[in-house]
Amino acid sequence: MSLVSVAASAVTIAMFLSQLSVIQQLKHAHREKQAAVPVLQFLMSFLSSVLWLKYGLIKHDGTITAVNGTGVVVAFYILVQFWRYNNGGGTRTRVEIKVLGTLVLGVILVSYVDQSTDPAAIDVFSLACCAMSLLFLAAPLGQIGNVVRRRDASVLLPSVAALAFANNVLWAVYGHIHSDPYMTLPNAIGALFCLLQLGLIAFYGRAAAAALAARLPAAATASAGAMHDSPMDDAMAVAAGSGGGVAVAMESVQMAELAHRS
């Protein structure tokens with residue numbers, strides 16, 4: 001195993017594991033009877049991991065298979081927690097339907113393309129993997145209009161964008177080494193998307209995010225003595241009440257996107 005494959009695998013698995021932090025948010029929302037945590041990004045993360053896991057099996061690539069196998073396990077565990085902790089009533093029913101539908105679709109995707117099937121079918125499947133990756137990578141770019149209009153890039157996360165850039169570059173190099181255009185092209189494009197985000201952050205700055213961060217200590221002091229599962233609970237509450245919820249939501253979406261960039 002090359003240094004590139006080790007580095008790419010380590011970064012991607014770390015991003016998969018980072019998604020587990022949502023479980024604390026689920027527990028808090030369930031206990032306090034708060035609004036349900038959005039499940040869509042984790043459903044898509046599961047499907048993407050399934051697609052790339054199957055791709056790794058088709059290509060007999062142990063690195064891609066192992067990384068996305070980890071992603072499938074982590075995403076499945078998170079979906080089980082969504083099923084467990086979402087509040088009752090219509091919300092729980094909708095979550096159950098989404099989870100069940102996603103699992104069924106995942107099984108269909110895994111069964112659709114056999115390793116010995118027609119090359120044309122494999123190409124179509126590979127293009128589907130690329131399309132899903134590009135869809136996730138392009139998602140943060142939907143905020144460009146808001147960034148330019150407000151002249152503030154607080155909805156973009158510099159640490160996430162930088163890590164995404166490194167992750168995409170590693171997988172693009174991995175694809176190039178293995179002469180795999182289906183790995184090289186989407187990750188190269190993804191790296192450009194990340195550079196655009198970093199450029200917007202550098203040009204416009206993140207004044208609103210800085211102002212929000214300055215208010216967090218005061219919010220924490222005001223809620224002293226209350227029980228919390230994690231420091232993120234305070235951050236989420238303040239952000240949601242001050243217009244910063246978009247930035248927090250975008251961070252979790254981008255983390256899900258990164259996790260299946262293999």
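Predicted model: local features only at pLDDT ≥ 70, side-chain atom pairs only at ≥ 80, totals over all residues.

Me: Where does aspartate 61 lie?

Reply: You'll find aspartate 61 in the loop between helix H3 (40-58) and helix H4 (62-85).

Me: Is aspartate 61 buried or exposed?

Reply: Aspartate 61 is buried, and yet it has no salt bridge. Lysine 59 is the nearest side chain of opposite charge, and that one is 9.2 Å away.

Me: OK, what does the side chain of aspartate 61 reach?

Reply: The backbone nitrogen of isoleucine 64, at 3.1 Å.

Me: Switching to helices. How do the axes of H1 and H4 cross?

Reply: At roughly 5 degrees, and the axes come within 9 Å; H1 covers residues 3-18. That angle is why H1 counts as roughly parallel to H4.

Me: Which residues meet there?

Reply: On the H1 side, Ser5, Ser9, Thr12, Ile13, Phe16 and Leu17. They meet Thr63, Val67, Asn68, Thr70, Gly71 and Val74 in H4.

Me: Zooming out, how many helices and strands does the chain have?

Reply: There are 12 helices and 0 strands.

Me: And how much of the chain counts as buried?

Reply: 44% of the 262 residues.

Me: Last one: what share of the contacts with a separation of 6 or more comes from residues 24 or more positions apart?

Reply: Those residues account for 79% of such contacts in the chain.

Notes. Residues numbered from 1 in each chain as written. Heavy atoms only, no water. Helix = DSSP H or I, 4+ residues; strand = E, 2+ residues; numbered from the N terminus. Buried < 20%, exposed > 50% of the residue type's maximum accessible area, 1.4 Å probe, protein only. Lys, Arg positive; Asp, Glu negative; His and termini not counted. Salt bridge = Lys/Arg side-chain N within 4 Å of Asp/Glu carboxyl O. Polar contact = N/O pair within 3.5 Å; in protein donor to acceptor, adjacent residues only side chain to side chain. Axes fitted to C-alpha atoms, helices over the stretch in contact; angles between N-to-C directions. Parallel < 35°, antiparallel > 145°, perpendicular 65-115°, else oblique. Contact = heavy atoms within 4.5 Å.
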